[in-house]
Structures are given as structure tokens and as C-alpha cells.
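Welcome! Have a look at the view below, and then we can walk through it together.

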Amino acid sequence: MNKAHLHIVLFIVSLCAPAVLWAQPIGSIQAKGGVVNGEIHLRWAPDNSAVWQLANQYGYTVERITLMENGKLVRNPTRQVLATGLKPALLVDWEPFSENDYVAVAAQAIYGESFETDAGNTSEVARVINASRELENRFSFALYAADLSPKAAELSGLSFRDEQVLYDQKYVYKIYADVPSSLHVIDTASVFIGLADAKPLPPPFDPQIELEDRVAMISWNGEVHRNVYNTYIIERSPDGVKFESISKAPIVNTFPEKSVERLFKGDSLPANEVTYYYRIIGIDAFGQRGPASDTLAGKGLPAFHIAPNITRHEIRPDGSVYLQWTVPNTGLELLKRFSLSRRNEEDRTLEAIIESIPADSREVVDQQPHSSNYYVIKAHDTYGREITSFPYFVQLEDSIPPGPPVGLHGEVLPTGLVSLRWTPNEEPDVLGYKLYKSNHNDDGFIELPGAMVSRAEGTDSIALNNLTEKIYYKVRAFDRRYNPSDFSAVLELKKPDLIPPVAPVFRSIENDSLGILLQWELSPSEDAVMNLLYRRSIDENDWTLILSDEGKTDHYLDQEVKHRVLYAYTLVAVDDDGLESKPTSPVTMKRLSPDPYPPIEDLNYIILEDKVKISWSYGKTEVVKYAVYKATNGQPLQLYKELEAKATNELVDPLKSKAPASEYAVQGIFATGERTPFSKKIKVGL
């Protein structure tokens, strides 16, 4: 609700709020407004006979407040008294309209000498009761007449027309009873309306007609337009053109507190087999006639009372069923034919067996009866109407069971609910089915609890947290004599797996000449179908999958490892439903290669006069020193010098004439203390 509308509502409520005196009950006035021919018409009525009697004496005041203009609230709303002292007109003013029955009723209720309902009882108590009843009767008849006649409402001081209104304005009308508060406190009635609120009257809703023997029953939905129309007129026409009301008085929309939806009006038809046309017209509280409803048409038909009664049957040797029935001997001139039907036990509908049996026949034979039969005979007249007999039961002997059900299939949901379906049996006397289950496919079947199922479907609930992976079902059919069929084929269903497999267990981890060798025990779970081996180095945060197999491998040689790096490994087992075990506790191993570094290959020398220059190169940047070994006179190599790797990769050694030849070899030294193998020896001499 926007702000402007909220202000409107609050302002109207403040205008309409009554003063409250708690010392006595408060009466009230009910009012409504309508737009008629560019004028605003008001109608009101007191809610009880005491208020009505006092207001007839003191009159009513009508006040108008101009609240809105051009869709906006007026800053300073203006108040104007349009009429005061409105009360029933003088009796002389009623006389020109005395031919109007409702004007006469209202005048009698207001001015009549007596409205006694039981003048013969003259006791004091009776006179008090009659006086009270008389006032209530006057009040009821006066309001009834005002509802049926705008002129009666006007003469009764219960209506007002405001002609001085503008289209772009909206008004609040307040109707006061000019009764002193010392006599009775009466709440004020209010109506918020403008010319822009004019709406076309609707036609009566959902008209219907039913016709019988020289009788028509017309009905319509009165609840939909309960607040629109006070009364209705039903019109009839012999040709669909010229219509006349079927009653002198209109039909009053008098709903009880628990309202009924439809209103009814009966009409006597002048003749049967003649088409008559009907329509319904509503009249509102201001005497306006709304548009007519859709036209209804139909013919009255002579009454048809031929009700068959099946009296006996016979089951013949060939399996057929013979039936006899009787009918009344009057009204047979309307009878056209009989028909034989049998109740379908699946959907309880009647299916015709023999469509036409001569009108003078009283017997019939069903050549193909079921084991159980509910027969009815229908009498049909020349107008297409029918009357059905009471059902008649015939039971045949039956010892032949139905065939075994086929097409059994189903599924087990993760909740443990089992849904089963199969192909319905074609035998017409099948009563239902029973389901059986077992944890084994060839033994131990038990019947599911509960009643027999009538449809080719069923449900079951099973536990999933047990050791059995499969459940088995079968079904059998029963006929109406409870003859059981053979069992269906066994249905095997796999349970959803909610239990993950047991994790594998590492047996050993060791350095191998080619890498790190891991060995483990396989998962003992029967449904384990895959192993997942993960690796992570000490510098990594995430695991890397290095092996995914079919669950039969129990070892793995990891060759993608680096020397002196610490690695961790874990295993996961996966079952046939994709459930994974918990990872095994990680095992760790540092890779140590037997020959982690290659020897220095390119060792060379150059003789310079009395010196020899030995040089080499090596691709491993982790080398921190080079050890140079020397041997003379065939002696073993001995450490000769250690050189910083960053400073040089050559050695200059003096040569002496006549000295024996010398042999050299070089070895790389790493920060960890590890050394490369000796290089190949070189022999140097003059």
C-alpha cells in the first residue's frame, strides 16, 4: 500500500469512528452506495427494530465530505449536510403510489393500526409478546418492501440521491440517525464512493435448467453476486423472443448465515414436449436491472417410471448365465428397449454386455460370464432416458487359478524403499497380488505384511546396513475365489552400498636400485575393485595419484623419485559402487640412490715446458669441491689436492725431467659429503 492510499484509509477510519458509550448497547446503520445515471444513490437500513422505530420518529441526516480530487487527497476536506430530518413521508404522500404492492406494504408497516400475529390470545403476557412480535414484523416487512421497491425505500426515508457530484471527485457519505444519545446510541454509517466507481452490472452467473414432467427447475449461482443483486426475475418465452416473468413477485436473495451457493426457482410448464426458453435478470438495491443471463431452453417430458427388477437366475451346463426380470405394467408405451450391463470390478463402472433387448422381453442369457458377476438391467425410453435395476450377484464355481505374473522389475532407493512393478494379469477375475522376498534367490521367501495389493505395483522397505548385497522378490496373483497363481520369476535387486570398503595395509617400503618399492595387503572387502596409490614429497601440499588399478596389484616400484628427497605414500580402496575406504596411514621413505652422481668424464691435460695443466668440467652445480688424486711409480692413487669448485676446475703441477710418469684422477665433492665416482685416470710424462 502506498503512502497516499494509507492516508486515505486512516482518514476514512477516523471519519467513520463512532463515539462509544458503554452504558447501553449500540445500534448501527448499514449503508451502500451506487452510481445510477450520473448520480450517486445511497441506501441504508437500521440493524434492529428499536433503531428503526426511533429513526422513523427523529429522522436521518446525510452528510457529504469531499475527500479526493483528481486522484489526490484534498488538503482541507469540505463537509456539507445534504439532507436532514429524513424520515418516512406523510401518509398522504404515499397514496399516489398505492398501486405499488411494496409501497403499500411499507406504508402499512409504518402507519398501519395493527400488525398483530395472534389477536385471539388476550392474556397480559401474550399481549407483551405480541407487541414485541408486532414491532419486529413491522420492521421486517418495511425493510423487505424497501429492498424490493426503490420508491418504497424513498418514501420510508431509507434512501437519498446526490445529483451535485463531479466525475473527478470522491466522497465520504455519512448517514446519522438523529436520535438523542440519551435514548439510544447508534453507530454512523459511511460510504466512500465517486462517479468513477461506476461499473456495469453483470449477468447472473452459471444458469442451469432441469426439466421433468411439466416442471422446469431453474437455478443459478447467487453467491457470486450476493453483494450486487437483491432480487431476481425469472422470465419465460415460448419462442425465445418475447419473455414474461413467471411470478408476480421477484425472487429475494435471502441467504442464511451459512450461505448456499445456488438459488432455485421452479415453474409449471403448460405442456410437455414443447420447447420453452428461460432467462434470469438481477435487480440491485437501487432498482437497476442487470443484463439477462444466457438463455436456457428445454422440453418437459412425460414421467418414465419403468424400473426393472431382476428376480432369478440360472447357471447352465455350458457355463452361461440365464436371467429373468419384471417391470411395472403401467407406462409401457414409453419403453423402447432393455440392455444388460455388468459391473467392472477394476474401476466399478458398468460395461454393457447386450446393448438392445426387445421391450417385450423379460429374459436374457450371458454367454461369457465372469466367475463373479454383478448384473443390472436398464430400461430405456423413447427420449433416451434410462432406469437401472438394483445389482444382482451371480457367482460361478471357479477352481482355475490365474497365470503367474510376468515382467517383474523394480529398484532399491538409497533410503531403503523398494519400488516394484509388473505386468497386470489379463484374467478378469483377478482380485489382487501378494509379494514375497528373501535374502537368497532359491529359498527362504516370506510374504510381505499388509493387505493384498489390487494394482500391479508394490513397495517394501529394507535395511541397507547389513552384510547382504542383494535382495530377491517374486509375486503371485489371486482370483476372487482366492485361487493362487504360480510364482513369478525371481527378481534380483542390488542394494545401494552405504558401507565403504576396508582400507589396504602397507607391508613394507624400501629403497631399490631403481626407486622406492612399496608392498601392501589388499582390502579384505569382497566388493573392492580398485586401488588408488597416492604420493606426496615433503615439499608438496597435495597428494598425486600415481597408481589406479583393478584392485589385484599388491606392490609398486616408484621410479619417479629424486635422490635424498623424503616421500610419503597412502592407499585407498574403491568398491563396485564407487565408495572409497579411508586412506591408509601414510608411510615415508627418503630416496637414496646407490650411484647418485655420474663421474667426471672430460678430464684433459696440456704439457707446458716444465708444467702440466690438468682441466675438467662437470654439469652438477651442487659440487662444492674437487679432489685431485695422483699416483707415481705405479703406486695407488692418493689425495693430492682439494680445490674449491667455484674458484677453479683446473690444476697446474710441475714436471721434472727424468721423473717417472704420473697418473691423475678427479672426484667431485658435494655439501652432503657425497662424492662422485673417480674419473678415468690420465697418465702424464715427458
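## The chain as a whole

Let's begin with contacts: among those in the chain with a separation of 6 or more, 63% are between residues 24 or more positions apart. The model you are looking at is a predicted one. Its secondary structure comes to six helices and 46 strands.

How does the radius of gyration of the chain compare with that of a compact globule of 686 residues? The chain has 55 Å, while such a globule would have a value near 26 Å. Along the principal axes, the C-alpha atoms fill a box of roughly 170 × 100 × 55 Å. As for the surface, the chain exposes about 38,900 Å², and carbon and sulfur atoms supply 51% of that area. Of the 686 residues, 40% count as buried.

## A sheet built from β10, β11 and β15

Three strands make it up, in the order β10-β11-β15, and their pairing is antiparallel. At the edges are β10 (205-212) and β15 (262-268), each of which pairs on one side only. From one strand to the next, the twist averages 20°.

The pairing of β10 with strand β11 (residues 215-221) runs over six bridges in the antiparallel sense. To find one place where they meet, look for Leu211, whose bridge partner in β11 is Ala216.

## A sheet built from β40, β41 and β44

Further along the numbering, there is an open sheet of three strands with the order β40-β41-β44, again with antiparallel pairing. Why is one side of β40 and of β44 left without a neighbour in the sheet? These strands, β40 (604-608) and β44 (650-654), stand at the edges and have a single partner strand each, so one side of each has no neighbour there. On average, and with direction ignored, neighbouring strands of this sheet are turned by 20° against each other.

Strand β41 (residues 611-615) pairs with β44 in the antiparallel sense, over five bridges.

How many aromatic pairs does a search of the whole structure find? The search finds 15. One of them joins Tyr229 and Tyr232: the ring centres are 5.7 Å apart and the planes are at 65°, so this pair is edge-to-face. Both of these tyrosines, Tyr229 and Tyr232, are buried. Ring pairs also bring in Trp220, linking Trp220, Tyr229 and Tyr232 into a cluster.

Another edge-to-face pair is formed by Trp422 and Tyr433, at 5.3 Å centre to centre with 70° between the planes. Trp422 lies in strand β27 (residues 417-423) and Tyr433 in strand β28 (residues 430-438), so this pair ties together parts that are 11 residues apart in sequence. Are these two residues buried or exposed? Trp422 is buried, and Tyr433 is buried as well.

## A buried serine in a loop

Our last stop is Ser581, found in the loop between β38 (566-575) and β39 (587-590). The relative accessible area of Ser581 is 6%, and buried means under 20%, so Ser581 counts as buried.

Which residues does Ser581 touch, not counting those up to four places away in sequence? They are Pro500, Pro501, Val502, Ala503 and Pro504, together with Val572 and Ala573.

Methods. Residues numbered from 1 in each chain as written. Predicted model: local features only at pLDDT ≥ 70, side-chain atom pairs only at ≥ 80, totals over all residues. Heavy atoms only, no water. Pairing = 2+ DSSP bridges. Helix = DSSP H or I, 4+ residues; strand = E, 2+ residues; numbered from the N terminus. Axes fitted to C-alpha atoms, helices over the stretch in contact; angles between N-to-C directions. Rg over C-alpha atoms; globule rule 2.2 N^0.38 Å. Buried < 20%, exposed > 50% of the residue type's maximum accessible area, 1.4 Å probe, protein only. Contact = heavy atoms within 4.5 Å. Areas by Shrake-Rupley, 256 points an atom, 1.4 Å probe, with all protein chains shown as cover. Phe/Tyr/Trp six-rings, centres within 6.5 Å; stacked < 30°, edge-to-face > 60°.
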